[in-house]
Amino acid sequence: MPRFAANLTLLYPELPFLDRFEAAASDGFRGVEYLFPYEWPAHELQTRLKDRHLTQVLFNLPPGDWAAGERGIGCLPDRVEEFRDGVGRALEYARALECTRLNCLAGVKPVGLDEGVARDTLVANLRWAAQQLAPAGITLTVEAINSRVDMPGFFLDTAEKTLDVLAAADEPNLALQYDLYHMQIMSGDLIRSLQRYLSFIGHIQFADNPGRHEPGTGEINFDRIFSALDEMGYSGWVSAEYHPSGATSASLSWLGASS
Ligand SMILES: O=C(O)C(=O)[C@@H](O)CO
Ligand SMILES: [Mg+2]
């Protein structure tokens, strides 16, 4: 079965954030991720990881003003300096947390911004960021996020668009972040698409659809998908990034069934 990680931003909402590491380890997770580490001192996070022998699997580059609705600044031509500062900040945390994977959010394209300008900006930003991160052994993933339900206007909303941008940026440490929940909404045909894009995938996340809750609450056949990932030889992390429909530990029967 795949190596499962817990997304601590979405899982264990019943606990204060810093207590979620302990809870995830007690439930059997060996890896954790979360959206952003930046509001906590790195040493606080380091201690939680070390105490429970957890691997920090991934976190996102700074996304701009998240509270104001920004969802990344990678495609915004007037924010390149801020993007570059964010890469430096993320690198400091990644070093402290021994994290070898960062994710870049492309952002929502403002209505008046030319598509080509947004794409060129993103390609140049990704190339620059990948080159900064490579000496530290870090892979930069780029996530395709559905623009139908969760992030209207998100610039990269399909695996195909994301791979096109990655090919243009053309750096060896760039990869696709494949979130089964978003891809089910945008295109479906999940197993065939995982097979097709396997060599470009650097990280996988999941939630059932509709609802973005745990496996078994929606239409996705997770037993079949997890087996298929094994059959394909996928050896990376697969992170649970869902809103538990009740207490988190009670939502993990998929983990028990698979370990
Ligand atoms: O919304 C998602 O899906 C995510 O993975 C967030 O971390 C934004 O990247
Ligand atoms: Mg995701």
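**Entry 1: the ligand site**

I began with ligand 1 and listed the residues around it, which are Leu-35, Asn-60, Asn-103, Leu-105, Glu-143, Ile-145, Asp-179, His-182, Gln-205 and Glu-241. I note here that the model is a predicted one, and I keep this in mind for every entry below. When I sorted the shell around ligand 1 by class, I found three nonpolar, four polar and three charged residues.

**Entry 2**

I then followed one pair of strands in detail, namely β6, which covers residues 174-179, and β7, which covers residues 201-206. These two strands pair in the parallel sense over four bridges. For Asp-179 I looked up the bridge partner in β7, and found Gln-205.

I turned to the helices and took α2 (residues 42-51) with α3, which pack at an angle of about 30 degrees with their axes 9 Å apart. Because of that angle, α2 counts as roughly parallel to α3. The crossing in which α2 passes α3 is right-handed. Which residues meet here? From α2 I noted Ala-42, Leu-45, Gln-46 and Leu-49, and from α3 I noted Tyr-93, Ala-96 and Leu-97. The residues of this contact of α2 with α3 divide into six nonpolar, one polar and no charged.

Helix α3 (residues 80-97) also meets helix α4 (residues 115-133), and their axes come within 11 Å and cross at roughly 25 degrees. I therefore recorded α3 and α4 as roughly parallel to each other, and the crossing of α3 past α4 as right-handed. On the α3 side I listed Val-80, Phe-83, Arg-84, Val-87 and Leu-91, which meet Thr-121, Asn-125, Trp-128, Ala-129, Gln-132 and Leu-133 in α4. By class, the contact of α3 with α4 has seven nonpolar, three polar and one charged residues.

**Entry 3: helices α7 and α8**

For helix α7 (residues 190-197) and helix α8 (residues 222-232) I noted a packing angle of about 25 degrees, with the axes 10 Å apart. That angle is why I wrote α7 down as roughly parallel to α8. I checked the sense of the crossing as well, and the crossing of α7 and α8 is right-handed. The contact is made by Leu-190, Ile-191, Leu-194 and Gln-195 of α7, together with Ile-225, Ala-228, Leu-229 and Met-232 of α8. Sorting the residues of this contact of α7 with α8 gave me seven nonpolar, one polar and no charged.

**Entry 4: two places in the loops**

Last, I went through the backbone and asked which peptide bond is cis. I found that the bond from Asn-209 to Pro-210 is cis, with omega near -5 degrees, and I located Pro-210 in the loop between β7 and α8.

I also stopped at Tyr-12, where phi is near 55 degrees, a positive value in a residue other than glycine. Tyr-12 is found in the loop between β1 (3-7) and α1 (20-26).

How values were computed
Residues numbered from 1 in each chain as written. Chains lettered and ligands numbered in written order. Predicted model: local features only at pLDDT ≥ 70, side-chain atom pairs only at ≥ 80, totals over all residues. Pairing = 2+ DSSP bridges. Near = placed C-beta within 6 Å. Nonpolar A, V, L, I, M, F, W, Y, C, P; charged D, E, K, R; others polar. Axes fitted to C-alpha atoms, helices over the stretch in contact; angles between N-to-C directions. Parallel < 35°, antiparallel > 145°, perpendicular 65-115°, else oblique. Left-handed = near helix turned anticlockwise from the far one by under 90°. Contact = placed C-beta atoms within 7 Å.
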